[in-house]
Structures are given as structure tokens and as C-alpha cells.
Amino acid sequence: LLLSIIFIPILLKLFQYFVIAPLVSRLPPIRVFSQTQTPPPPITVSSSIQQIGHVSSHSLTLKLSPQRELLLHPDYLQSFSKHAQKSTQWFLNASIPFSSWAAGLVTLVRLHSNQSESVQLASMRNPLEELVIIDLPAGATLVCKPRCLAGVIKHKNDTVHISRHWRLFNLHSWLTLQLRYLVFHGPCQLIIKGNHGVILEHAGQARLIQQNATLGFSTDVAYSNYRCETFISYYLGKDNLFNDQFSGQTGVYFYEQAPLNDHKAALVGKVVGGFWDAVRKVFGI
């Protein structure tokens, strides 16, 4: 009994690393939408001149035109004009109330004005968080985890168009527990938050990213899983079994620079938190 307690976890991890992971790494990548001959409109950063690398900053000054409105988490609204009209938006999107609630995108501030307004944005609770505004033109689509959203800028008469895409018959999805992908459709602008900053890269040759750091990617990017570099780091719990892999001729992907990970939580808190993280991952949140 003692030997089984000692060696079964080791053998299981050896089997996962040297048998299962190499098979999964050779599977074809996931594409949320089928490839088309016409490339989608480019997705750009509108809050910074820099279009690649570290594109975020601790505070942003947003110019809001009379035709557009801002849906924002209250913790990120630093200052705004007295003449701006402020109300409450209960859900980011009423068609996905559970996902909006799980991502904290409820009771949002809805801000608009009859004149051009200057709005100052910054994280009021976490000084290590940085913000970036990603512009989705009409026809552009972006897979994005709602947990990294601080807000959305859109036309007054439009709703936030979010489609849901399940991948129940893909081994990549089951091994990483991400069975659903939420896709945001332009035209709109997404305000993305990231701990210690957001890094944006253009697709090209395959690159690997830690899974807990990934925040989103455009739908023309090929997404797959690749085995982590060393068995020791996986066995000691310093690395996940798989890294996220992105490749493609067009498109972008982005991730936070230093994912928040609290190692000091109590055992019960870790168990509950781990279960909740798994639920959010399954639903692409």
C-alpha cells in the first residue's frame, strides 16, 4: 500500500508526459472558424503607438465620441466629465448572463454623452494591472476570455456581439478542459487588463506560451497544445503539462506578463478556487 501511494502518482505523471502529451502535440490545431481565402481585417492597438510587444500602460485617456458609449467595470473608472450621462448595465451581454457574472462583468458603468468626452481609466484596486484598448473593425473576430475584460467601447445602438463555439470532439479541448470559446465580433473596442502588463504578438512560426497567461487570439490563428519543456518542472508542479501554441500567416494573440497566482491560500481555499478555475476554463471564461 505504501509503495503504491509513492509510485502510482509518479507512474501516472510519466505516462502523461511521455505517452499522452507527445500524441496530443502532433494533433492538428484548433481553428474556431474555417480558413477563408480573404484575410479578415487586421486587429490593432488603439491606445498605443506600439503595435507589438508590451502594449499596455497603467492608465489610459479615452476620447469618447457622441456616437459611442463605454461599458466599464466600476473599478477602472478614474475620472469623467460632469456632463457625461452615467447609468448601470446589468450584464455585458444578456444572452450569456452566467458567463458575464462569472467574469465579474455585471453592474457595469454605462457612460455616454452628447459631446466628445475625455475619460481617464486606471485600475483602482490593483496597482500592478495595466490596460490596453484593442480595436476590432467590422468583420474582425477575436477569441477573448471575459475575465481579462475591463470594458467595451461600442456604438450606442449596438449590443456587444459575442458568439459561443463548442469543441466537444477535440482532444486538445478535453485535455486542457477548455471546451467553449467566446468570440467577440467587431466593430467594437475591447479594454483588456493584464497583471504586470499585456504582451501582444503577431502570428508567424509556432510560439509557446504558458496556458495560465493566455488572454485571447484572433480566429485566423491556429491554436494547439504542446508538451512543456522538461519533465522535472511538470512533476514538481512548476509548469503545466501543456503550453499554448500559436501559429499562422495572419492574426494576433496576446497574454499577460505575470499571471496572478496566490500560493499562500489555505487548503480549502485552494480546493474551492481550483474547482472554480476549472469551471471558468470549461466555459472559456
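This report looks at aromatic ring pairs in a predicted model.

## Ground rules

Local features here need pLDDT of at least 70, side-chain atom pairs count only at pLDDT 80 or more, and totals for chains, interfaces and linings use all residues. Residues are numbered from 1 along each chain as its sequence is written, and side-chain values use heavy atoms, with hydrogens and water left out.

## The ring pairs

Rings of Phe, Tyr and Trp (its six-membered ring) pair if their centres lie within 6.5 Å; planes under 30 degrees apart are stacked, over 60 edge-to-face, and the rest tilted. By this rule there are twelve aromatic pairs. One of them is stacked: tyrosine 17 and tyrosine 234, because their centres are 6.1 Å apart and their planes sit at 20°. Tyrosine 17 is in helix α1 (residues 2-25) and tyrosine 234 in helix α4 (residues 231-235), so this pair ties together parts 217 residues apart in sequence. Helices here are DSSP runs (H or I, at least four residues), numbered from the N terminus.

Both tyrosine 17 and tyrosine 234 are buried, where buried means under 20% relative accessible area, exposed over 50%, and partly exposed in between (1.4 Å probe, protein chains only).

## A tilted partner set

Phenylalanine 18 and phenylalanine 231 have ring centres 5.7 Å apart and planes at 35°, so they count as tilted. This pair also links helix α1 with helix α4, tying together parts 213 residues apart in sequence. Phenylalanine 18 is partly exposed at 48% relative accessibility, while phenylalanine 231 is buried at 16%.

## The cluster

Tyr17, Phe18, Phe231, Tyr234 and Tyr235 make up one aromatic cluster.

Key:
Helices (H or I, at least four residues) and strands (E, at least two) are DSSP runs, numbered from the N terminus.
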